[in-house]
Amino acid sequence: MTDTMTPEQRHRCMSHIHSKGTKPEMKVRRWLWSHGYRYRLNVKSVPGKPDIVLRSYRTAIFVNGCFWHGHDVEWKVESGKWKVTNSDCSKIPTTNREFWVSKIRRNQERDQENYKMLYENGWQVIVIWECQLTAKKLEHTMREVALLLEGNMLSRYKKHTIIPYTTEEEAPIPIAAE
Ligand SMILES: [Zn+2]
């Protein structure tokens, strides 16, 4: 194959791919696509504007930034003031604290409303956190997501035809009389 790009064009092209690829949502999309999952983006007819929609799996995926969605942050009111316990991946700034607390808590409330609305409309919701998509964790996280997706797909078809082997103590296997 002939390379028709100038070094400058190639550089621009590569850096474009790179900057896009570092976004958490892009990592998820790329993994899903390369493993045969087909999805749609920004589907307006689905409530809550999920990042990724897999219609045949009836599943909505949200890819949440840890800071903006307050991943694992604990909140408590103590003598009229917010007591915040940061997590490893989400640290609420100490300056302007009231502002940040109310902003991030509002995001969380909206998230919960969206998930609930989707669920009540028959959608399964999967939330993936940015910190679960590091180079080290990506593959494991996405395999879990794939497993959830397959489960969601199967649960739409009640009749299972493949029965895994178990020992007799766990579940006796009926033996056909000859
Ligand atoms: Zn996190």
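**Core and loop residues in a predicted model**

Q: Which residues does isoleucine 128 touch, not counting residues up to four places away in sequence?
A: The model is a predicted one, and isoleucine 128 is listed among the residues with the most contacts inside the largest nonpolar core. Leaving out residues up to four places away in sequence, those that isoleucine 128 touches are Val28, Ile61, Val63, Leu133, Thr141 and Val145.

Q: Which element gives the largest share of the largest nonpolar core?
A: This core has 19 residues, and the elements that give two or more residues to it are strand S2 (52-54), strand S3 (59-64), strand S6 (124-129) and helix H4 (138-154). The largest share, four residues, comes from S3.

Q: Is tryptophan 123 buried or exposed?
A: Tryptophan 123 lies in the loop between helix H3 (97-120) and S6, and, leaving aside neighbours within four places in sequence, tryptophan 123 is in contact with Arg58, Thr59, Ala60 and Leu118. A residue counts as buried if 20 or more other C-beta atoms lie within 10 Å of its own. Because tryptophan 123 has 21 other C-beta atoms within 10 Å, this residue is buried.

Q: How far apart in space are tryptophan 123 and alanine 60, C-alpha to C-alpha?
A: Alanine 60 is one of the residues in contact with tryptophan 123. The two are 63 residues apart in sequence, while their C-alpha to C-alpha separation in space is 6.7 Å.

Q: What is the phi of arginine 58 near?
A: Arginine 58 is placed in the loop between S2 and S3, and is partly exposed, with 17 other C-beta atoms within 10 Å. Its phi is positive in a residue other than glycine, with a value near 45 degrees.

Conventions: Residues are numbered from 1 along each chain as its sequence is written. This is a predicted model: local features need pLDDT of at least 70, side-chain atom pairs count only at pLDDT 80 or more; totals for chains, interfaces and linings use all residues. A nonpolar core is a set of buried Ala, Val, Leu, Ile, Met, Phe, Trp, Tyr and Cys residues joined through C-beta atoms within 7 Å. A residue is buried if 20 or more other C-beta atoms lie within 10 Å of its own, exposed if 12 or fewer, and partly exposed in between; C-beta atoms are placed from the backbone. Two residues are in contact if their C-beta atoms, placed from the backbone, lie within 7 Å.
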